[in-house]
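Visitor: I'd like to learn how to read a model like this one. Could you take me through it feature by feature?

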Amino acid sequence: MRNLERRYRALLKVLPGWYRQDREEEMVGIFLAERDDDLDLEHSWPGWGETWAVLGLSVRTHLAAGAGMSSVPAKVVWRGEVVRALGMLGLLLGLFYATAAVVSVTTVGLANPNQPDPGWWRVLELGPFLAFGALLAGKRTLAKVAAAAPVLLAVGSLGQPSYALAWGLFQLPSLVTFVALCLGFHREAPTPPARRLLWWGGGAVLLGVLGGVATGVGLIAIGLITAVVRVVAFVRGDAVFGRALSLFAALQLVPLVFLIVAETEVMTLAMGLAALLLLVAVLPVRRRPVKAAPQV
């Protein structure tokens, strides 16, 4: 085996084993086609274009949607659905934050007309609205770019050391779910059902209004709603949504623990909510029983 072939095979290890078993030899043959120069075979490396193509294929195969690929294991499809559900939960969380920001700026401006105008950069906080509509319309790239706007603001604020740790911990659920959104909704993933998710989006906006008027109440409500919906998913046997909610609850535990340590005034309430979310995070999922086919 020449060095170039060895490097191509090492690159292909990012693909899942079930996919490499059927396609590795074919892919290596395509990569090495017409590359018969001895110097090239010994000292060359896979090109950037080939590397990015394989990495993109890795995401689509590890988080497959079941369409466009044959022989996809059921656990792979299940994993992809969980990641996509977690990404949607993060987008709904973004709608909450965006609405709360609008309401907060509006109420502060009405209460104090001399308040300085908010910076132009706060427009980026409205990105989740555009991202939500674009994703439901099947425009994945636009949705990811729009969802990245508030994430860039959060990352940029980490450059201020005075509250970098606190802000980073509070933004962790948004950052992780944004990554899940980008990875889960690849080009072969299905478009989310618009009719059902519009109701969820409306609920996130209403909750954001509450959070903008009464600071802190919205975050508590998010934790409580996560727990309630997790129980509903368990009763209905929705294993995918249940697992995504468990992960979402675990992410919310991070800022809550920091709040317990830093803010003694709300320690009791935060500890109670943290215990509830911990229970939600470890609650087992329950799959809906499959009905047996009628006997003829």
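Visitor: What should the 16 residues of α12 span, and how far apart are its end C-alpha atoms?

Guide: A bit of housekeeping first. This is a predicted model, where local features need pLDDT of at least 70 and side-chain atom pairs count only at pLDDT 80 or more, while totals for chains, interfaces and linings use all residues. Residues are numbered from 1 along each chain as its sequence is written, and side-chain values use heavy atoms, with hydrogens and water left out. As for helices, they are DSSP runs (H or I, at least four residues), numbered from the N terminus, and strands are runs of E of at least two. The expected span is 1.5 Å times one less than the number of residues. For α12 that comes to 22 Å, and the end C-alpha atoms are 22 Å apart, which agrees.

Visitor: Which residues of α12 are buried?

Guide: Buried means under 20% relative accessible area, exposed over 50%, and partly exposed in between (1.4 Å probe, protein chains only). In α12 the buried ones are Ala270, Leu273, Ala274, Leu277, Val280 and Ala281. Looking down the axis, they fall within an arc of 120 degrees, so they line one face of the helix; the arc is taken from the directions from the helix axis to the C-beta atoms. The face turned away from that buried side carries the exposed residues Thr268, Leu279 and Val282.

Visitor: Which residues make the nonpolar surface patch?

Guide: Patches are built from residues with over 30% relative accessible area and no salt bridge, joining like charges within 9 Å and nonpolar side chains (Val, Leu, Ile, Met, Phe, Trp, Tyr) within 5 Å. Areas come from the Shrake-Rupley method with a 1.4 Å probe, and for residues only the protein chains shown count as cover. Here Leu224, Leu276, Leu278, Leu279 and Val282 make a patch of about 450 Å². Helix α12 (residues 267-282) gives the largest share, 4 residues. Leucine 278, which sits in α12, counts as partly exposed at 47% relative accessibility.

Visitor: What about α1: which of its residues are buried, and what covers them?

Guide: In α1 (residues 3-11), the buried residues are Leu4, Glu5, Tyr8, Arg9 and Leu11. Their arc is only 155 degrees around the axis, which puts them on the same side of α1. Their cover includes α2 (17-32), α3 (38-43) and α4 (48-62), where contact means heavy atoms within 4.5 Å.

Visitor: How many salt bridges does a search find?

Guide: Side chains of opposite charge can pair when their charged atoms come close. The criterion is a side-chain nitrogen of Lys or Arg within 4 Å of a carboxyl oxygen of Asp or Glu. The whole structure has 7. In one of them, arginine 9 meets glutamate 25 at 3.0 Å, N to O. That pair links distant parts of the chain, arginine 9 in α1 and glutamate 25 in α2, 16 residues apart. Arginine 9 is buried at 15%, whereas glutamate 25 is exposed at 56%.

Visitor: How far apart are glutamate 26 and arginine 23 in helix α2?

Guide: They are 3 residues apart, about one turn of the helix, and their closest N and O atoms are 3.1 Å apart in a salt bridge. Glutamate 26 is partly exposed at 42%, and arginine 23 is partly exposed at 30%.
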